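Hi,

Here is the structure I promised to pass on. Have a look at it first, then read my notes below.

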Amino acid sequence: MSTPSNIKWAPLDEAMVESTKYTIKELFARDPERAGKFTVEAAGWMLDYSKNRVSRAVMRNLIKLAEDAYLKPEIERMFTGSKINVTESRAVLHTALRNVDPKAKVMVEGKDVMPDVRAVLAKMGDFTDSVRKGTWKGYTGKKIKYIVNIGIGGSDLGPVMANIALTPYTKRNLKFHFVSNVDSTHLAETLRQVKAAETLFIVASKTFTTQETMSNAEAARDWLVKELGSADAVAKHFVAVSTAEKEVAAFGIDTNNMFGFWDWVGGRYSLPSAIGLSLMLAIGRVNYKKMLKGYYKMDRHFRTAPFEKNMPVILALLGILYSNGYGAESYCVLPYDQYLSRFPAYLQQMDMESNGKSVDKDGNPVDYATGPIEWGEPGTNGQHAFYQLIHQGTRLIPCDFIGCCKTHNPISDLHDKLMANLFAQTEALAFGKTADECRAEGVPEKLVPFKTFEGNKPTNTLLCDELNPETFGALVALYEHKVFVQGVIWNIYSYDQWGVQLGKVLAKGVLSDLTAARPALNHDPSTNQLIERYRKVIGR
């Protein structure tokens, strides 16, 4: 293994050499109690990680990695407001947003941030109550029926994913839409589905300068003013999630309808902040607080549980094992619940924007793998798409399967069939099918190689009783902390994202050339050629 120098990998290497003598199937045969020994529970979730290529010795040595990386004090530094986002000189305190302990104090530069957190939450609750009850009226006196959230990245992925996940708890007579892409089609198709007099726009941008968000917001404002005939309508149909009071006011939004958050809230971790305003409108303040409680339960578990029983730590260490030990380049998240259909996309940002780093905390290039590629689709759709590659392909792809014992929509035996597929897939991936088993089933010899399954494919299974606001919050927190642990062990900064900036900066120069009467064309030959082709096609 090639990994951070402060961590001693040799003992784990030795344990892996021993454990790889046995397949997952053989590990189960050697220990009939294996399933129970490799299962933990926390915050309404059960994690069965017994179908992994691990022995007790491997797990002990993985935990030693976490200890060598000083994970415990790093956890405390995050929870207590240390500026662990060093390159931006910021604390990382998304955990404060869901700290439901009424007596809790969290200090940042000598100030307790919890009173402000509670104040914003209360303001959100009062506002969402007024919209949901119909006492908030639009410019023409009509009640709000349509909510359009305009944001991008963490200001979009979290709210849209959560709104779908918690659909059973939403107010069904409110219709929610999410606009993120600067592609005009995204906004245009949304506006075709709403009526101006009954629409509330939420503009989510911390600085109120994000290009995609503000371009869409300005176009939506122009549409609203045209439809309702007055710029005065903006104040009754737009609210802001931002800290830029001057810019919000200049846009035409009443600053009383501005919901703030703080620079210690990272975008991809911001769902429990005011960024979740659209979600609170959907599910109400009571259910929103239940979601925060779920987050908090997982936060407490992560902070206090010993590593050998710590669910986020175990998931993170298994990911380290496959990425750095076995050379796996990706991992797959497979929710067997249609309400979690956007969860893999949400995790893509959380994981790859956080740990997609190639320099360590000292600014030195790393010579080991960091953030893996995360992907996935809801089951059983994926079974008819890419599971072939996972079962019989040449790449090792560890998988997380997520399921709920109860369904919100009991129709015939559909849920039994869904869960049967979940359990069967993990069984098939782990145990496979041998050539002799194929022959015993009467498979013709010439087809035996094609119907043989190697097995020994690692999976985790996460189960909850039911997907509800509390278990949903806990699930999101679980993966947040998993990403944090991996960043600590890889010795990288997980909470900046400088890699997204270069393209944005260059886009300004390209835009100038696309629109100028006489473009400068100071780019590389390929980019200049593309610009010239675009200008020719549109007649500029």
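The largest cavity holds about 180 Å³ of space. Keep in mind that this is a predicted model. The cavity is lined by 16 residues, and Leu318, Gly319, Tyr322, Tyr331 and Pro398 are the ones closest to its centre. If you want to know which elements give two or more residues to this lining, look for α14, β10 (330-336), β12 (399-404) and α20 (469-490). Helix α14 provides the largest share, with five residues. Sorted by class, the lining of the largest cavity has eight nonpolar, six polar and two charged residues.

How many cavities of 30 Å³ or more does a search of the whole structure find? The search comes up with two. The second largest cavity has a volume of about 60 Å³. Its lining is made by Leu97, Val117, Val120, Leu121, Met124, Trp262, Pro272, Ser273 and Ala274. Here helix α7 (residues 114-133) gives the largest share, four residues. Eight residues of this lining are nonpolar and one is polar, with no charged residue among them.

Back to α14 for a moment, this time with its partner. Two packed helices are described by the angle between their axes and the distance between the axes. For helix α13 (residues 277-304) and helix α14 (residues 311-325), the axes come within 7 Å and cross at roughly 70°. Angles of 65 to 115 degrees count as roughly perpendicular, so α13 is roughly perpendicular to α14. Where do the two helices touch? On the α13 side you'll find Met298, His301 and Phe302, and they meet Met311, Pro312 and Val313 in α14. This contact of α13 with α14 has five nonpolar residues and one polar residue, and no charged ones.

The largest pocket contains about 1,100 Å³ of space. A total of 39 residues line this pocket, and Thr210, Gln497, Val500, Gln501 and Lys504 lie nearest its centre. The elements giving two or more residues to the lining are α8 (154-165), α10 (211-228), α15 (343-355) and α21 (501-515). Which of them gives the largest share of the lining? That is α21, with six residues. By class, the lining of the largest pocket splits into 13 nonpolar, 17 polar and nine charged residues.

The second largest pocket has a volume of about 390 Å³. It is lined by 14 residues, with Asp337, Gln338, Thr407, His415 and Leu418 closest to the centre. Helix α17 (residues 414-431) contributes the largest share of this lining, three residues. The lining of the second largest pocket has five nonpolar residues, eight polar ones and one charged one.

Next, charges. Side chains of opposite charge can pair when their charged atoms come close. There are 24 salt bridges in the structure. One of them joins the side chains of Glu74 and Arg77, at 3.3 Å from N to O. Both Glu74 and Arg77 sit in helix α5 (residues 71-79), and they are three residues apart, about one turn of the helix.

Finally, two spots in the backbone to look up. Gly379 and Thr380 are joined by a cis peptide bond, with omega at about 10°. Thr380 belongs to the loop between β11 (373-375) and α16 (387-392). The other spot is Glu109, which has a positive phi of about 50° although it is not a glycine. You'll find Glu109 in the loop between β3 (107-108) and β4 (111-112).

Happy browsing, and write back with any questions.

Cheers

Definitions and conventions:
Residues numbered from 1 in each chain as written. Predicted model: local features only at pLDDT ≥ 70, side-chain atom pairs only at ≥ 80, totals over all residues. Heavy atoms only, no water. Axes fitted to C-alpha atoms, helices over the stretch in contact; angles between N-to-C directions. Parallel < 35°, antiparallel > 145°, perpendicular 65-115°, else oblique. Contact = heavy atoms within 4.5 Å. Nonpolar A, V, L, I, M, F, W, Y, C, P; charged D, E, K, R; others polar. 1 Å grid on protein atoms, 1.4 Å probe; cavity = no way out; pocket = protein on both sides within 12 Å on 5 of 7 lines; lining within 4 Å. Points joined across faces, edges and corners; volume = space filled by probe spheres on them. Salt bridge = Lys/Arg side-chain N within 4 Å of Asp/Glu carboxyl O.
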